[in-house]
Amino acid sequence: MRPRRAPRKLLWHRLIFGLWFRPVEVLDEARDRSVWGAAAFLCLLCGALGTLGNDSFWEGWRVGPGQALEAMALADGVLLLASLLLGVATQAIARRLGGNGKFGPTVTLFVVIFWATDLPRLALDACLPGDSYPVRAAAWITSAFGYAFAALLIRGQHHLPTHKAVAAVSVQMLAAVALLKFPPGA
């Protein structure tokens with residue numbers, strides 16, 4: 001009998017880029033793995049990009065760079081906590097709907113999916129005005145991809161039918177999209 005090979009280590013860059021190029025394979029490969037490092041890295045990166053796209057950051061930078069960076073760090077910390085709470089809510093709802101997925105992989109992969117799909121919009125928003133057509137179009141497109149990938153994640157992680165997986169991610173995705181991708185006044 002041949003010894004069983006250990007699964008290949010899923011590095012953060014393979015996970016993030018794999019979500020764009022081969023999402024089903026990557027989600028299957030990551031099914032039983034917690035990716036806390038990738039989730040924290042992506043959340044902090046996207047928080048920094050989002051802050052750089054905000055005019056109030058640059059106004060604060062002119063007044064005092066130290067204070068602007070402190071505000072960015074605080075915003076990143078709050079964003080990381082909020083993202084993890086959205087992942088926890090997704091896990092809890094999926095469990096209530098009959099799912100049986102593990103806590104760590106579900107929460108961390110939800111955060112990775114949400115922010116990996118939002119990277120293109122954030123990159124455009126850092127360079128262009130937030131109300132420009134390319135940024136708005138990217139927001140709609142990345143929202144749709146994020147929603148679809150999150151439903152795939154929950155369907156695979158929790159072995160739920162598609163309609164229950166969609167229900168498990170709906171509230172969190174809609175709230176996050178409304179507050180982060182289409183903030184009030186934008």
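A residue is counted as buried under 20% relative accessible area, as exposed over 50%, and as partly exposed in between. In the predicted model described here, Phe 145 has a relative accessibility of 38% and therefore counts as partly exposed. Phe 149, at 7% relative accessibility, counts as buried. Both phenylalanines belong to helix H7 (residues 133–158), where they are four residues apart, about one turn of the helix. The structure holds six aromatic pairs. In the pair formed by Phe 145 and Phe 149, the ring centres are 5.9 Å apart and the planes stand at 45°, so the pair is tilted. Ring pairs also bring in Trp 20, which is linked with Phe 145 and Phe 149 into a cluster.

The UniProt record, an unreviewed entry, places the feature "domain: Yip1" at residues 17–177. In the model this span is 85% helix and 0% strand, and its end C-alpha atoms lie 22 Å apart. The UniProt record (unreviewed entry) also places the feature "transmembrane region" at residues 35–53, 73–94, 101–117 and 137–154. Of these segments, two are described here. Residues 101–117 are 88% helix and 0% strand, with 22 Å between the end C-alpha atoms. Residues 137–154 are 100% helix and 0% strand, with a distance of 26 Å between the end C-alpha atoms.

The packing of nonpolar side chains was examined next. The largest nonpolar core has 36 residues, and those with the most contacts inside it are Leu 15, Leu 42, Val 112, Trp 115 and Ile 154. Two or more residues of this core are given by each of helix H1 (12–21), helix H2 (23–29), helix H3 (36–52), H5, helix H6 (103–127), H7 and helix H8 (162–181). H6 supplies the largest share, ten residues. The surroundings of Leu 42 illustrate the packing: not counting residues up to four places away in sequence, Leu 42 touches Ile 16, Val 112, Trp 115, Ala 116 and Leu 119. Val 112 and Trp 115, two of these contacts of Leu 42, are also listed among the core residues with the most contacts.

Charged side chains were then considered. A search of the whole structure finds three salt bridges. One of them joins the side chains of Arg 14 and Glu 29, with an N to O distance of 2.5 Å. Arg 14 lies in helix H1 and Glu 29 in helix H2, so this pair ties together parts that are 15 residues apart in sequence. Arg 14 counts as buried because its relative accessibility is 16%, whereas Glu 29, with a relative accessible area of 25%, is partly exposed. A salt bridge is also formed between Glu 25 and Arg 22, whose closest N and O atoms are 3.5 Å apart. Arg 22 is partly exposed, with a relative accessible area of 28%.

The closest N and O atoms of Arg 121 and Asp 118 are 2.8 Å apart, and both residues are buried. The C-alpha atom of Asp 118 is separated by 7.3 Å from that of Ser 143, although the two residues are 25 residues apart along the chain. Ser 143 is found in helix H7 and is buried, with a relative accessible area of 8%.

Asp 76, found in helix H5 (residues 65–96), presents another case. Asp 76 is buried yet has no salt bridge. The nearest side chain of opposite charge is that of Arg 121, 12 Å away, and a salt bridge requires a side-chain nitrogen of Lys or Arg within 4 Å of a carboxyl oxygen of Asp or Glu. Not counting residues up to four places away in sequence, Asp 76 touches Leu 44, Gly 47 and Ala 48.

Phi of His 159 is near 55°, a positive value in a residue other than glycine. Most residues other than glycine have a negative phi. His 159 counts as exposed because its relative accessibility is 55%.

Technical notes: Residues numbered from 1 in each chain as written. Predicted model: local features only at pLDDT ≥ 70, side-chain atom pairs only at ≥ 80, totals over all residues. Heavy atoms only, no water. UniProt positions renumbered as here; feature names shortened; annotations may be inferred. Buried < 20%, exposed > 50% of the residue type's maximum accessible area, 1.4 Å probe, protein only. Lys, Arg positive; Asp, Glu negative; His and termini not counted. Contact = heavy atoms within 4.5 Å. Phe/Tyr/Trp six-rings, centres within 6.5 Å; stacked < 30°, edge-to-face > 60°. Core = buried A, V, L, I, M, F, W, Y, C linked by side-chain atoms within 4.5 Å.
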